[in-house]
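Work through the exercises below with the sequence and the 3D structure at hand, and try each task before reading its solution.

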Amino acid sequence: MSKPLWTPSEQRIKASNMYRFMERVNRQYGMDFSDYDVLYQWSIENLEDFWAELWDFVGIKASRSYDRVIDDPQKMTGAQWFSGSRLNFAENLLRFRDEETALIFRGENRVRRSLTYRELYAAVAGTAASLKDMGIIPGDRVVGFMPNMPESIIAMLAATSLGAVWSSCSPDFGVKGVLDRFGQTSPRVLFTADGYFFKGRTIDSLAKIAGIAEQIPSLERIVVVPYISKEPDIENLPKAVHFTDFCDHETEQIDFVQLPFDHPLYIMYSSGTTGPPKCMVQSSGGVLIHQLKELVLHTDLKREDTIFYYTTCGWMMWNWLTTSLAVGATLVLFDGNPFHPEPDALWRMAQDEQITIFGTSAGYIAALKNAGVKPGRQFDLSPLKALLSTGSPLSKEDFHFIYREIKEDLQLASISGGSDLNGCFALGNPMGPVYEGELQCRGLGMKVFAYDESGNPVVGKQGELVCTAPFPSMPIYFWDDEDGSKYRSAYFEGFPNAWTHGDFIEVTPRGGLIMYGRSDATLNPGGVRIGTAEIYRIIEQIEDIEDSVVVGQKWQNDVRVLLFVKMKNGYELSDDLIKTIRDLIRSLASPRHVPAKIIAAPDIPYTLNMKKVELAVQKMIHGREVKNKDALKNPEALDFFGKVKELES
């Protein structure tokens with residue numbers, strides 16, 4: 001059994017929010033819990049008690065408390081959470097109104113701005129008053145097509161203070177990608193910016209916004225934030241108004257509309273690379289308590305922390321990061337390319353802003369390593385206490401890279417969940433050790449297992465990630481799904497009374513999780529299931545290769561494995577390198593993992609949220625159409641794979 005890469009000190013354990021919560025449970029229920037495993041087991045066996053204790057521990061602000069935590073803890077769909085309670089999501093995030101820093105914005109163009117909690121409250125008050133004057137009422141949709149900047153958060157809080165439903169996309173989405181999302185839900189107001197900066201370029205968004213507005217007849221107002229220019233020319237944009245004019249409302253108070261726990265808060269979207277994006281509607285109370293559990297307990301977020309996550313407004317990590325306001329922490333927002341003007345840009349920012357919790361994607365960590373950046377040697381990262389990674393499995397090599405080149409005394413929390421729940425199934429544990437290639441724990445209150453093909457839980461073996469108990473942040477419904485059939489088919493057709501998430505995992509004997517990739521992209525050569533992450537972890541050790549994607553191809557009544565590699569500049573895929581790759585995979589994985597073909601590709605396609613699109617590649621190599629290419633960061637990369645179907649040997 002491998003040794004841990006990091007173990008928290010006794011002092012750090014006892015200073016953690018998780019430890020304080022465990023002590024609270026011990027006092028309240030006469031328990032003697034001393035570690036995470038027993039606390040986790042209690043949380044999934046006593047769902048009502050766990051969520052009730054969490055409600056009090058994180059200080060949910062409600063004008064009326066709940067009558068009951070959950071009506072039926074056995075009911076996987078339609079469970080009623082915290083019935084009778086009345087609250088407002090925005091009010092919980094704006095509970096602090098002092099001179100502490102709430103938001104720090106860093107743009108790629110070197111702009112830096114900050115807002116105190118008092119200033120943030122005032123900005124939201126003016127925006128909310130203007131929305132109210134428009135007649136925005138609970139249930140109306142307000143959307144953002146925005147860079148990751150303070151106005152995005154201000155608009156979201158203003159809308160949700162009135163009970164409106166918020167949804168957002170990042171400005172790098174194409175017109176069709178935006179229409180595929182916003183076009184389904186008939187928003188009344190669109191918040192946007194005149195453009196954004198990326199890789200040193202200034203990109204004007206106004207023409208794109210006009211194209212979007214033309215095709216959403218429900219839009220009554222377009223509110224434009226000046227970003228690339230001081231006074232954007234909006235004369236040719238119907239129904240448009242400058243943000244400063246729209247929000248110029250003399251009011252210092254927000255009338256937070258009190259709503260039921262399950263009132264709609266967000267509409268989140270599936271990636272949309274294999275069909276029209278699913279519109280997942282999530283509740284205000286469910287998102288609030290679920291994300292506070294993850295931030296306060298699993299991330300150990302405190303008021304004195306400065307938290308950063310590299311994200312856009314089109315990824316759920318933006319929503320997740322924003323809830324940190326409810327803790328009173330300082331949020332760092334960054335918009336732009338993380339490698340501009342140099343690959344170490346974000347770490348220079350981490351030093352300057354004294355970031356304590358740094359969040360990013362596994363893809364970024366791999367790119368950082370390949371670029372030769374050594375943040376711990378280049379910058380003073382002494383305030384940094386935790387690094388979070390999600391989006392795809394983090395390789396063992398990248399675990400070691402983080403501890404070698406970023407910081408030794410650091411909680412590395414590789415986390416995994418999805419937009420579907422606006423949160424995680426597997427998370428960090430500030431009281432526990434970190435092992436290479438392993439997520440620390442399953443989240444409290446999340447009854448997660450790896451199921452074999454017969455629907456039996458397995459430990460130490462690969463299986464489907466399932467959750468067999470309800471949780472508050474489950475979507476309350478899908479948009480335009482009156483009979484619930486889309487919802488049920490998305491999660492509940494795999495196994496009886498279990499949420500099947502679509503990830504291929506292993507629960508380790510010590511309670512951690514190993515991620516093997518999406519189960520719908522799982523390879524099945526000879527009928528044996530193989531997770532794609534097993535191959536990626538090996539390929540990432542080869543210095544000549546910049547990136548890769550692996551898929552299964554139907555071949556002679558079976559499936560064969562195809563590995564596509566993007567070579568680094570100046571390197572070629574030689575016969576010797578192909579042999580080296582095959583030998584490594586055979587020795588480090590198994591003969592069944594060895595690809596039938598290894599092919600050089602000019603580029604690897606990714607979604608806008610930096611996830612490899614294995615299913616889209618798989619469609620292309622089988623000659624099938626890939627719809628909604630606007631959901632891809634580099635859709636032109638798919639063209640190459642359309643030729644692969646012609647391979648005959």
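Two exercises with worked solutions follow.

The structure is a predicted model, in which local features need pLDDT of at least 70, side-chain atom pairs count only at pLDDT 80 or more, and totals for chains, interfaces and linings use all residues. Residues are numbered from 1 along each chain as its sequence is written, and side-chain values use heavy atoms, with hydrogens and water left out.

**Exercise 1.** Determine whether glutamine 291 is buried or exposed, and find the polar contacts of its side chain.

Step 1: Glutamine 291 is placed in helix H11, residues 284-298, where a helix is a DSSP run of H or I with at least four residues, numbered from the N terminus.

Step 2: Glutamine 291 counts as buried because its relative accessibility is 0%; buried means under 20% relative accessible area, exposed over 50%, and partly exposed in between, with a 1.4 Å probe and protein chains only.

Step 3: Its side chain makes a polar contact of 2.5 Å with the side chain of threonine 323, and another of 2.9 Å with that of asparagine 422. A polar contact is a pair of N or O atoms within 3.5 Å; within protein, one must be able to donate a hydrogen and the other to accept it, and residues adjacent in sequence count only if both atoms are side-chain atoms.

Notes
Helices (H or I, at least four residues) and strands (E, at least two) are DSSP runs, numbered from the N terminus.
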